[in-house]
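Dear colleague,

Please find below the structure that I am handing over to you. My findings follow it.

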Amino acid sequence: MRLAPEGRPFIAGAALFTAVCWVLAPTWTALLFSALTVWVAAFFRDPERQGPRGDELILAPADGRVVSVATADEPKFVQERTTRISIFMNVFNVHVNRYPASGTVAFREYLPGRFGHAAADKASADNEQCSTGLLTARGRVLIRQIAGLVARRIVTDHEVGTAVRQGERLGMIRFGSRVDLFVPLGARVLVRAGDRTRAGVTVVARWD
């Protein structure tokens with residue numbers, strides 16, 4: 001199982017503590033922390049993703065459940081009315097985020113904020129977040145990584161000016177979070193609230 005590099009210190013720490021428990025603590029405690037170590041390793045898994053590719057497709061940037069599809073202004077990068085697709089990742093989902101389309105990173109902005117429940121609609125404005133604007137062959141899209149209740153570290157891999165590929169790793173959010181995808185109204189959305197998505201695999205919209 002391939003692991004995200006951000007998880008190495010967490011996995012090593014959990015494994016070390018578990019080893020100590022097997023020596024010094026009751027068996028039930030050691031078993032409990034053994035299970036926790038397995039979960040921590042699973043949380044930071046980074047599986048290879050193969051899926052449909054093409055300039056006309058917009059892929060899901062995150063694994064999880066679509067909690068909202070709504071019209072929203074996006075004045076910072078897309079600079080027009082958009083459709084916002086919000087995907088909530090629980091602690092059992094893969095948390096590596098991927099680019100929905102090929103293009104060039106043309107905008108990045110980190111904003112500190114609260115750590116409220118990421119599935120709530122107001123999390124898109126209130127929570128800690130990092131926005132990445134992507135200039136594609138068909139138009140502009142924006143991906144917003146949003147921290148949740150237990151998330152305290154957003155990782156975004158690429159700087160402005162970097163050429164990226166559809167399905168390539170964008171970054172990750174540690175321990176529970178949400179990703180909002182803003183696409184122009186000219187793109188036809190193919191998912192609705194309640195749908196499940198896989199980053200780099202599920203087609204969430206298509207350019208008409």
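How many bridges join β3 to strand β11? Eight bridges join these two strands, which run antiparallel, with β11 covering residues 177-184. Strands here are DSSP runs of E with at least two residues, and helices are runs of H or I with at least four, each numbered from the N terminus; two strands pair if DSSP finds at least two bridges between them.

The model is predicted, so that local features need pLDDT of at least 70 and side-chain atom pairs count only at pLDDT 80 or more, while totals for chains, interfaces and linings use all residues. Residues are numbered from 1 along each chain as its sequence is written, and side-chain values use heavy atoms, with hydrogens and water left out.

Strand β3 (residues 80-89) also pairs with β2 (residues 64-74), in the antiparallel sense over nine bridges. Thr 71 stands opposite Thr 83 of β3, and Thr 82 has Pro 184 in β11 as its bridge partner. Eight of the 10 residues of β3 are buried (under 20% relative accessible area with a 1.4 Å probe, protein chains only; exposed is over 50%, partly exposed in between).

There are 11 salt bridges, each a side-chain nitrogen of Lys or Arg within 4 Å of a carboxyl oxygen of Asp or Glu. In one of them, Glu 74 meets Arg 144 at 3.9 Å, N to O. This pair links strand β2 to strand β7 (residues 140-147), 70 residues apart, and both Glu 74 and Arg 144 are buried. Within β11, Arg 178 forms a salt bridge with Asp 180, at 2.8 Å between the closest N and O atoms.

Yours sincerely
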